[in-house]
Structures are given as C-alpha cells and as structure tokens.
Amino acid sequence: MTDNNQADHPCLPGGLIPLEQWRVPETSVRRTIRSGLRDILDQLKAGIHPDEQAFRSLDDLPTLSERQIQDYAPVPDREELARALLNELEQLRRSGGQSRKTSFLVAPPFSGIAEALWASGRRVIAPPDNLLMPERDITGWWDHQLQDDDWVIPELADFWLRHRSGLGLLRELFARLARDKVGEGIIGCSSWCWQFWTQYLPELHLAPLTPSPLSGDRLTNWLGHLAGERSQGPLTARMTQDGLYVLPAPTGDDERKYSLFTRDLATLARGNPGVALAIWRRTLRARPEDDAQQQGEGDAHQEGRQCWVAPLDQLSLPAVPQSSARRSGYLLHALLMHGGLSLGQLELTSGLPGEELRIALSRLERADVVTGDEQEGIFRVQALAYPAVRRYLQSKGYPVDSF
Amino acid sequence: MGDFGIKDALSSITSEALLEALAVIVAASLLILMVQKAVPVLAAKLSGKPRLYLLASVPLFRLLVIVLTIIVVVPILVEPSFENMIAIFGALGLALGFAFKDYANSLIAGIVTLYEMPYRPGDWIEVNGRYGEVRSIGTRAAEIVTLDDTVIVIPHSLLWNTLLANGNDGTDNLMCVAEVFLDPNHDVGRMLGLFRDAIFACPLTKTYQPVLVTVAAREAGMCYRLKAYPLEPREQARFISDLTARAAEICGDEGVPMVSYPYLQAQKA
C-alpha cells in the first residue's frame with residue numbers, strides 16, 4: 001500500500017495507515033542523547049537568558065526573499081491533499097480495509113488534514129456557537145446535523161471545551177460513532193484532542209486512520225513535490241557547510257553525495273509535514289554571490305533553481321520561556337487540545353483569570369511560541385515552536401499525544 | 001593487651017599526619033556540603049523523573065564520599081595492618097555501642113535507608129502523623145517539609161519500629177483524594193458522572209493515570225471521594241482545592257446540599 005500510494009499521491013507520502021502502526025521516524029543515538037541533554041539544560045537555564053527565546057539564525061548567510069521561499073517551499077495545496085485523502089479512503093473502503101461508514105482521521109497539529117477536509121467539497125458540519133450547549137439540546141443538534149450523508153467534520157477539536165459543561169457534544173457524537181449510527185462521513189481529529197478523549201472514554205474503539213509519518217526519504221520526495229519539480233523543474237538544495245545535496249530527491253543511478261539533513265529534519269519534526277515545512281522554510285539560504293546574480297544579472301534560470309540549506313544546528317528554534325509557575329503549560333496544553341482558543345475560552349479551560357492570562361500569553365507571543373489572530377481573536381501554537389512545546393509539556397508531566 | 005593494641009596502633013600518629021587527615025576530612029565535608037546545597041537548587045528547576053533522580057543522587061554521593069574519605073584517612077593515620085584495623089574499629093565499635101547508641105542506631109538505619117529506599121528525596125511520606133516531602137536525607141536523619149512549609153527532622157532509627165506511608169514511592173505519580181459529603185437525597189449516578197467530568201476538566205489532572213470517583217453512605221451523609229493524580233506531586237494542595245471547588249460548584253448547580261460533621265454535630269446537639 002505504501003509504495004503505490006507514494007507514487008499516486010506525492011502530497012500524501014505513505015498514504016493512510018491505522019493509528020497503531022504510526023511510529024516516530026528513527027534517528028541516531030547521538031542525536032537523541034544530544035536532544036535529551038539540551039532539554040535538561042534548557043530547563044536549568046530558566047531565567048538566565050530570558051531574551052534568547054525567539055527564533056534566530058546562528059549563521060551569517062542571507063535568507064531568501066519571501067517570494068523565493070514561497071516559490072521553493074510553498075504552502076501545500078489543500079485541494080490536492082483533499083483529493084488524495086478521498087481517493088485513499090475510497091480505495092480502503094473497496095479493499096475492505098475500512099468497514100465503518102464514518103472514516104475517522106487522527107493527525108497531529110499542522111499536518112494539513114483539517115484544511116484539506118474543509119476543501120473536500122463535502123458538506124461541512126461547523127461547530128455550534130455555544131460549545132457549552134445544555135444537555136437537553138445536544139441530541140437534537142446532532143440529529144439535525146447528521147440527517148444527510150456525505151458530511152465532513154474537518155476538526156473535531158473545535159466541538160468541545162475542557163470544561164465540565166463543554167464535553168457534552170463530543171460525548172454524544174462518540175456514543176453515536178461507537179454504534180456506527182451517524183451515516184457516511186469523514187471526521188478529522190487533532191491528535192491532542194484524540195488523546196484526551198481516549199482517556200476520558202477508554203472503551204472507545206473507532207479504528208482511526210492517520211497519515212504515515214514522514215521519514216527522511218518521504219520528506220525529501222515531499223519537499224521536492226512542493227517545490228514544483230514536475231511543473232517548474234527540479235530545485236537544487238545543498239548544505240551550506242559541506243555542499244552535500246538535499247534536493248532533488250536521489251534517483252537510482254545518482255552519483256551525487258547526499259546529506260542526512262532530511263532524516264534529521266523528519267526526526268525533529270516527528271514526521272509531521274507542517275512542522276517540517278516550517279523549519280525547512282527557515283533553513284533555506286542564498287549564498288551572497290547567488291543572491292547578487294539572481295537580483296542583478298538574471299542568470300538564475302540558466303543555472304536552474306538553486307538554494308542553500310543551513311544545518312539544523314545553526315538554527316535556534318523558538319523555546320518555551322521557562323518559569324517556575326505553571327501558567328505557560330496550562331495555556332499551551334489547552335491551545336493544543338483545542339487547536340486554538342479565544343481569550344474567553346482560555347479563561348474557561350485554564351481556570352486562570354483574564355489579567356494573568358494576558359500576561360502569560362504576551363510572554364509566549366514575544367517568544368514566537370504562540371500567535372494571536374487579531375481578526376478571529378484566536379490564539380494558536382506556532383508550527384515552528386511545536387517541537388519545543390511538545391517536549392516542554394512532556395517534561396512537565398502533561399498528557400501529550402502519541403505523535 | 002589490656003588496651004586492645006590501640007596504644008600501639010596510635011603511637012605512629014604524627015602531627016603532620018593529623019593535619020593531613022584533617023585537611024582531607026574538611027575537603028570531603030565541604031564537597032558534601034556543596035553538593036547538598038547545589039543539587040536541590042538545580043533539581044528545583046527540573047520536573048518529573050530527572051528531578052527525582054537528581055535528588056536521589058545526593059545521599060548516595062555523600063555515602064560514597066564518606067567511604068572514600070575513610071579509605072584515604074585511615075592509612076594516613078595508622079599503618080593499615082590487620083591488627084591495627086581490628087584495634088581501631090573494635091574501639092570505635094565499643095565507643096559507639098555505649099556512648100552513642102542512639103546515634104549509631106540512626107547512622108546504621110541511614111545506611112539501610114540508602115539500600116532499601118523506603119523513602120527518597122522528593123517522596124511524600126507520612127511518619128507518626130506527620131506528612132511532607134522528603135527534602136534531604138542526612139547521615140542521621142531525614143528532613144521533610146510539610147504542606148505548611150514546616151521542616152520536620154525524622155531520625156532514621158524510626159525506620160525499625162514505625163509504620164511509614166509513602167505516597168509516590170520514587171515516582172512523580174501521587175494519588176490525591178478530594179472528599180465531599182452530600183445530603184443523601186439525590187441522584188447518585190448523575191453526581192458520580194458530574195464529578196468525573198470535573199476531574200477531567202481540571203487542567204492539573206494527569207488524565208493518563210486512573211481517575212476514580214467512589215461513593216459510600218456514612219453517618220455524615222453520602223461521602224464522595226474524587227481520586228486522581230496531579231501533574232506534579234508538589235501541586236497536591238492546589239489540586240485538591242481545585243477539585244473540591246469544582247465539586248462544590250456542581251453541588252450548587254444541581255441543588256444538592258453539602259453537609260459537614262460539625263453541622264451534623266450541632267444538629268444532634
């Protein structure tokens with residue numbers, strides 16, 4: 001299934017797999033030890049370097065322009081991913097790999113599944129305005145929403161609040177799903193939301209599917225696909241320190257020497273495409289002479305599309321500001337479980353008063369860990385900070401997802 | 001042989017040897033002191049297992065330094081022959097046995113503590129009705145800090161004949177119980193469900209550990225016990241307060257009155 005899918009859906013490398021089969025991409029022992037020691041050091045350094053938390057690059061090479069980054073590492077096409085998902089689900093149904101009427105997809109944050117499901121062209125069931133809906137109204141609301149087939153719930157995390165009155169909607173839906181009485185539909189669910197609900201309802205068995213983790217090889221192919229290797233020709237990306245190749249993806253008779261960069265990137269991102277892409281965009285560099293050529297002489301097209309890649313060691317990714325108080329942890333955990341929350345919702349779920357909340361949020365925003373959407377008024381964890389946030393929550397004893 | 005050969009063994013001690021031995025002992029003491037002060041400060045910045053491991057390393061390190069110091073100091077003072085060793089340690093044993101019996105008892109129990117590990121730094125223990133977190137394990141006694149920030153010194157010798165309750169036993173999983181008493185006339189099944197939801201809704205709950213709500217009919221009313229694990233043992237007071245407040249809020253919303261013993265006692269009177 002994996003090889004065929006990779007050939008058929010370059011935007012969904014590895015296809016969909018049962019949740020139990022998901023494994024974090026392998027890495028070297030050296031990198032694991034180094035990462036563990038760095039975590040402990042980060043905790044010990046709490047308060048010593050308060051201003052050194054946001055993203056910064058430790059090399060002097062010029063970064064690419066916004067246009068070049070958009071060209072070399074664009075945001076994935078959500079409609080293409082939606083087509084691949086629907087196709088994959090259809091194949092699974094035909095082959096008997098999916099016996100339930102409702103397909104349940106669990107994916108880590110930033111994997112792009114929710115966005116793809118929004119663009120799937122199916123009838124989208126949006127969450128109600130009042131997530132603290134009284135119990136007597138919940139049954140009727142779901143009856144109304146699920147009366148026709150071919151519906152999609154892009155993100156189940158939008159349908160609940162971690163509040164004693166905010167669990168009813170999902171409790172009712174899961175009860176119906178367990179009986180397979182909700183018609184034909186597709187549900188996307190954040191891995192953090194899923195982690196909470198499998199602990200709340202330990203007997204729940206919905207046989208969820210999940211996108212395969214991006215290993216080093218898959219990530220190389222996926223990044224090449226994103227760079228438009230089919231339409232615009234291959235992108236050549238080489239490491240700045242030793243010139244080893246990262247892209248284009250190696251072919252069978254390739255004599256070029258390749259870097260292990262994508263393997264390390266896949267491990268750092270834990271196989272998560274959205275996180276890997278966010279970091280990848282930050283590693284892309286232009287050499288000074290290349291930059292001058294592209295701007296002044298216009299020779300870029302003669303040489304093909306080229307860029308350079310800074311080693312991961314040269315990046316200082318955003319880190320969670322350390323403090324003895326637990327406020328940051330409450331907020332980050334709540335934001336990940338719900339995929340983003342407004343200030344009012346954060347007050348309800350974290351139990352922190354508004355002033356304390358705003359102080360803690362502003363600190364996380366300054367550290368590039370959280371971003372606030374001014375129009376929607378929703379706060380979310382940044383993709384670039386996700387690896388650090390997950391490690392932080394795990395070290396503090398919070399329940400974390402299995403991705 | 002009236003002096004057990006101690007006189008012979010000690011006759012070779014010179015003032016230089018004494019000074020040298022003293023310097024080694026002072027250096028070892030300073031090293032122990034430094035580690036005992038620095039490691040807990042570092043551990044306070046960590047959480048979870050690394051914190052517990054770091055704290056547990058302190059008494060082991062101290063024991064190691066003490067043993068090494070003895071190994072270094074004894075040959076400086078006396079010739080380490082079999083006869084001399086018998087004489088020195090025999091005299092030491094007699095002195096400890098008669099003059100410092102209780103002290104020696106605690107010292108030996110302290111060594112047993114390091115081996116059997118009935119409590120480690122970071123554990124929450126209850127001894128003779130005193131409950132607190134083990135802050136340090138000394139040579140003779142352990143120090144615990146209660147929830148009201150009072151330090152209690154517990155001699156290790158209590159180990160021999162006292163019941164000792166350890167809440168987390170070297171892990172960072174400590175079950176907490178919030179207890180509420182309710183007026184008996186209500187829907188028990190509904191309250192069980194609502195209390196369970198309240199535990200899961202609490203941001204301090206370790207949801208991957210068991211979450212339980214039990215109920216029992218008592219003289220004071222229906223006794224509900226909300227049992228769960230806080231994210232960190234150190235947060236237990238806050239966690240129990242939070243669960244109690246959430247339970248009280250539910251009782252208020254559901255119109256189920258909470259009752260208490262003093263209230264019942266007053267009613268009876």
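Helix axes are lines fitted to C-alpha atoms over the stretch in contact, and angles between N-to-C directions run from 0 to 180 degrees. In this predicted model, helix α9 (residues 216-226) of chain A packs against helix α10 (residues 261-268) of chain A at an angle of about 100°. The two axes lie 8 Å apart. Angles of 65 to 115 degrees count as roughly perpendicular, so α9(A) is roughly perpendicular to α10(A). On the α9(A) side, Gly216(A), Leu219(A) and Thr220(A) make the contact. On the α10(A) side, Thr262(A), Arg263(A), Leu265(A) and Ala266(A) take part. By class, the residues of this contact are three nonpolar, three polar and one charged.

Chain B contains eight helices and eight strands. Its C-alpha trace spans about 85 × 40 × 25 Å along the principal axes. The radius of gyration of chain B is 27 Å, whereas a compact globule of 269 residues would have one near 18 Å. Buried residues make up 27% of the 269 residues of chain B. Among contacts in chain B with a separation of 6 or more, 66% join residues 24 or more positions apart.

The two chains also meet. Here 19 residues of chain B are in contact with 22 residues of chain A. Helices α2 (15-45) and α6 (188-201) of chain B each supply at least two residues of the side that touches chain A. Of the elements of chain B, α6(B) gives the most to this side, with five residues. The side of chain B that touches chain A has 10 nonpolar, three polar and six charged residues.

Technical notes
Residues numbered from 1 in each chain as written. Chains lettered and ligands numbered in written order. Predicted model: local features only at pLDDT ≥ 70, side-chain atom pairs only at ≥ 80, totals over all residues. Contact = placed C-beta atoms within 7 Å. Helix = DSSP H or I, 4+ residues; strand = E, 2+ residues; numbered from the N terminus. Nonpolar A, V, L, I, M, F, W, Y, C, P; charged D, E, K, R; others polar. Parallel < 35°, antiparallel > 145°, perpendicular 65-115°, else oblique. Rg over C-alpha atoms; globule rule 2.2 N^0.38 Å. Buried ≥ 20, exposed ≤ 12 C-beta atoms within 10 Å, placed from the backbone.
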